[in-house]
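Trainee: Please take a close look at a single part of this model and describe it in one go. Give the cut-offs with the terms.

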Amino acid sequence: VVPSLAGDAGAVGRLAELVGLGVEVSHPAVLSVIDLVREGDALFVVTDLVDAAALRTVMQRARAESLVLAPHVVVAILVGLLDALSATHEALGRDGKARPHGAVSPATVLLGVDGVVRLLDAGASMVAEAALGADAPHVVAYKAPEQKRGQVGVPSSDLFAVGVIGWEMLTGGALFLGGDVDETRRRVEQQLVQPPSRLRPELPK
């Protein structure tokens, strides 16, 4: 775990709570943290071992080579992601209410060599976001407006992130990402979105 997270007692407590809740999500497309291990000042998260690449890495490589994903590949990834989210949303929190994931982004979606699309659970995603920086533009760009205003996210907040990811996979662009976090937040609030077909005419309208 990144040092800034491991040294924050409140964050570690939240992570431990998420690990406990993650046990409730039993689904092959959800990669859960199964244990936390502390050795000295270091904190380690334990998950099942999977051979996979983060969607963020795949998208970055595609952009670097001026490539875009085929529509049928995008659809397959989105279906897998929504399947994982459905399992997450159906799991009940301690208050008996369906709970959102809250950290859906290309960094928390894994594409396995076995063809399975996996979503890091909330605990593992907390670690992934901390590695990027919780307020980094690459994290903020996928947060629903209500999350940026400090409100508690709801399951539909996750669907906002799925929509952003889908648009970016289809177009090869960055929908809301700005030069800094403030510009990124403004773009999310404004939500000026061009249809993907305007950028890729071969796509159905």
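Mentor: The second largest pocket holds about 150 Å³ of space. A pocket here is an open set of points on a 1 Å grid over the protein atoms alone, where a 1.4 Å probe fits, with protein on both sides within 12 Å along at least five of seven lines. Its volume is the space filled by probe spheres set on the points, which are joined across faces, edges and corners. The model is predicted: local features need pLDDT of at least 70, side-chain atom pairs count only at pLDDT 80 or more, and totals for chains, interfaces and linings use all residues. Residues are numbered from 1 along each chain as its sequence is written, and side-chain values use heavy atoms, with hydrogens and water left out.

The second largest pocket is lined by 14 residues, where lining means having an atom within 4 Å of a point. Closest to the pocket centre are Arg56, Arg63, Pro106, His138 and Tyr142. By class, the lining has eight nonpolar, three polar and three charged residues; Ala, Val, Leu, Ile, Met, Phe, Trp, Tyr, Cys and Pro count as nonpolar, Asp, Glu, Lys and Arg as charged, and the others, Gly among them, as polar.

Helix 3 contributes the most to this lining, with four residues. Helices are DSSP runs of H or I with at least four residues, strands are runs of E with at least two, and both are numbered from the N terminus. Helix 3 spans residues 55-64, and its buried residues are Leu55, Met59 and Ala62. Those residues cover an arc of only 60 degrees around the axis, so they lie on the same side of helix 3; the arc is taken from the directions from the helix axis to the C-beta atoms. Buried means under 20% relative accessible area, exposed over 50%, and partly exposed in between, with a 1.4 Å probe and protein chains only. On the face turned away from the buried side, helix 3 carries the exposed residues Arg61 and Ala64. The cover over the buried residues of helix 3 includes strand 4 (52-54), helix 4 (71-90), strand 5 (109-112) and helix 8 (155-171), with contact meaning heavy atoms within 4.5 Å. Just after helix 3, serine 66 has a positive phi of about 55 degrees.

Helix 8, part of that cover, also contains threonine 171. Threonine 171 counts as buried because its relative accessible area is 13%.
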